[in-house]
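Subject: Structure handover

Hello,

Here is the structure you asked about. Please open it alongside this note, and then read on for what was found.

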Amino acid sequence: GAAMLRWLGSLLCLWALRIPAGTGAAAPGLDVASYRERVRAMFYHAYEHYLESAFPYDELRPLTCDGQDTWGSFSLTLIDALDTLLILGNVSEFQRVVSVLQEGVDFDIDVNASVFETNIRVVGGLLSAHLLSKKAGVEVEVGWPCSGPLLRMAEEAARKLLPAFQTPTGMPYGTVNLLHGVNPGETPVTCTAGIGTFIVEFATLSHLTGDPVFEDVARKALKALWKNRSDIGLVGNHIDVITAKWVAQDAGIGAGVDSYFEYLVKGAILLQDKELMSMFLEYNKAIKNYTKFDDWYLWVQMYKGTVSMPVFQSLEAYWPGLQSLIGDVDNAMRTFLNYYTVWKQFGGLPEFYNIPQGYTVDKREGYPLRPELIESAMYLYRATRDPTLLELGRDAVESIEKISKVECGFATIKDLRDHRLDNRMESFFLAETVKYLYLLFDPDNFIHNDGSVFDVVITPYGECVLNAGGYVFNTEAHPIDPAALHCCRKRKEEQWEVEDLMREFYSLKKNKKFTLKRASDHGEGERAKDPEDAPSEKGGEKRNFKKSSHSLLSCPSQSFNSKLAVLGQVFLDNT
């Protein structure tokens with residue numbers, strides 16, 4: 001009874017804390033709904049001009065109203081903006097773009113492409129759109145989410161990147177030719193982020209397609225960086241992927257390193273992988289010890305720990321969001337507030353900011369409409385509901401509209417001091433900046449789902465829960481549904497896994513056959529006939545917890561190891 005009362009009490013607390021959607025209750029005087037609509041209008045102003053003036057090129061040039069190829073030749077802005085369309089609720093345009101991409105995008109082209117950028121923007125964008133396509137009303141294949149045209153495109157793009165990983169260290173080259181593989185004269189020097197930013201996309205691909213090669217190369221690259229950290233626990237900025245010698249020895253959390261740390265945390269969450277998380281926590285200690293001063297982070301020499309640049313880079317602004325993901329909210333907020341003061345000083349974040357002098361760094365005065373500070377605000381607002389975070393969102397909308405809006409879209413700010421513009425609109429503006437702004441102002445978006453609603457999909461491998469929330473954003477803000485990684489396991493393999501594990505656990509004598517009895521109607525033994533083995537007419541349905549909760553809780557699509565974590569107690573009690 002007391003436990004029940006405590007549970008009800010905590011529910012009431014949560015309910016009392018819940019911010020009503022679309023009201024200004026979260027921040028007095030700030031009309032969340034009207035900012036949400038302004039962000040929506042921002043998206044369409046940029047998106048429609050891209051379609052009108054730049055498609056099928058990669059990016060819009062907003063000052064001349066034309067297009068250019070930048071990172072390859074894949075209509076990049078369209079792929080990058082696809083899941084944002086669904087987050088804004090536009091299913092018809094999502095469906096149209098999916099068919100345009102299927103017809104029009106070809107990766108068999110003689111183009112030198114960045115391995116890193118192609119992964120985060122193209123592979124990430126296609127995977128996210130693939131996993132969201134049923135929600136967007138696309139007619140999906142029978143085997144979805146374990147098959148589908150967007151998944152095949154993502155796999156094709158990722159295969160084009162695999163030759164880059166064929167090095168003595170397993171760390172990839174930075175550039176690959178999509179037709180011929182790695183060029184003979186290719187530089188072996190790659191930045192740390194360009195080596196450690198694959199696990200989210202590649203592990204998702206491996207889990208969905210059943211081909212382990214992607215996750216394997218991503219893990220090998222992560223571990224190679226870990227193995228080559230300095231004695232004081234830091235990694236530098238650029239390394240030679242053939243010899244594993246550090247070429248640029250600056251250690252920090254910003255450009256060239258940033259998303260390596262991000263992917264250790266997000267990979268750990270996505271894959272429930274303790275090893276990745278413990279790597280990050282070790283780095284986190286070294287970063288606090290050597291680079292953190294007064295809630296700012298500086299650049300230091302990776303072997304000695306001496307300060308090399310007392311500079312804040314706008315790319316570092318993702319860090320408070322990452323800290324909030326590991327629950328370090330107080331430190332995250334303090335650093336966020338430092339970065340926000342810089343934003344208020346300039347109406348944007350300059351690429352580099354000299355901390356002691358409190359001003360921009362020569363030749364680095366621009367703001368290309370980057371998302372990182374807004375991304376951190378979104379995470380921290382989910383964690384704290386602090387209205388200051390909505391104020392950053394407001395400031396961002398006002399600044400971007402005032403300074404960078406032009407007739408044909410939004411232009412990169414070349415210099416925050418005099419507001420000169422550059423003829424470029426990076427694809428991340430629609431993939432990330434607008435998406436994080438919208439999610440900051442839209443507390444009831446499906447992306448923020450807390451697990452109270454979900455879909456159940458029947459796959460060839462059994463029942464599978466999707467769209468329950470807990471999305472993991474890749475570093476280009478493409479959300480991956482972690483539950484989808486459990487949808488495509490083949491049950492036959494699981495049976496062998498069971499027998500092996502049982503032998504390990506109880507060192508059974510060979511002549512004793514171990515079987516799990518079916519426990520009444522609820523917990524199913526691995527050998528019991530599972531309901532999902534029966535043919536089902538229903539392709540998928542909306543469900544709430546009450547109906548048939550036992551079959552959901554038995555997690556038929558999870559590997560045995562995961563089940564053991566939940567059901568292990570049952571076996572141990574029987575011994």
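Let me start with Glu-351. Leaving out residues up to four places away in sequence, Glu-351 touches Phe-312, Gln-313, Ser-314, Arg-364, Gly-366, Pro-368 and Arg-370. With Ser-314 there is also a polar contact, side chain to side chain, at 2.8 Å. Please keep in mind that this is a predicted model.

Where does Glu-351 sit? It is in the loop between α13 (329-346) and β14 (352-354). Its relative accessibility is 19%, so Glu-351 counts as buried. The cut-off for buried is under 20%.

Why look at this residue? The UniProt record, an unreviewed entry, lists Glu-351 under "active site", together with Glu-117, Asp-258 and Glu-372. Such annotations may be inferred rather than shown by experiment.

Glu-117 is another residue on that UniProt list. It lies in helix α5. Glu-117 is buried, because its relative accessible area is 13%. Which residues does Glu-117 contact, leaving aside its neighbours within four places in sequence? They are Trp-71 and Val-122.

Now the cysteines. How many disulfides does the structure hold? There are three. Here they are in turn.

1. Cys-65 and Cys-408

The sulfur atoms of Cys-65 and Cys-408 are 1.9 Å apart, and the two residues form a disulfide. The torsion about their S-S bond is about 105°, so this disulfide is right-handed. The pair links distant parts of the chain, 343 residues apart. Cys-65 is in the loop between β1 (59-61) and β2 (66-68). Cys-408 is in the loop between β16 (405-406) and β17 (409-410). Are these two cysteines buried or partly exposed? Cys-65 has 33% relative accessibility, so it counts as partly exposed. Cys-408 has 6%, so it counts as buried.

2. Cys-146 and Cys-488

Cys-146 and Cys-488 form a disulfide with sulfur atoms 2.1 Å apart. The angle about the S-S bond is -90°, and the link is left-handed.

3. Cys-464 and Cys-487

Here the sulfur atoms are 1.7 Å apart, and Cys-464 and Cys-487 form a disulfide. The partners are 23 residues apart, and the pair links distant parts of the chain. Cys-464 is in strand β21 (residues 462-466). Cys-487 is in the loop between β23 and α17. Cys-464 has a relative accessibility of 4%, so it counts as buried. For Cys-487 the value is 0%, so it counts as buried as well.

How does the pairing run, with the bonded cysteines of the chain numbered in sequence order? It is 1-3, 2-6, 4-5.

One more cysteine to note is Cys-191. It is partly exposed, because its relative accessible area is 23%.

Best wishes

Definitions and conventions
Residues are numbered from 1 along each chain as its sequence is written. This is a predicted model: local features need pLDDT of at least 70, side-chain atom pairs count only at pLDDT 80 or more; totals for chains, interfaces and linings use all residues. Side-chain values use heavy atoms; hydrogens and water are left out. A disulfide is a pair of cysteine sulfur atoms within 2.5 Å. Helices (H or I, at least four residues) and strands (E, at least two) are DSSP runs, numbered from the N terminus. Buried means under 20% relative accessible area, exposed over 50%, partly exposed in between (1.4 Å probe, protein chains only). Contact means heavy atoms within 4.5 Å. A polar contact is a pair of N or O atoms within 3.5 Å; within protein, one must be able to donate a hydrogen and the other to accept it, and residues adjacent in sequence count only if both atoms are side-chain atoms.
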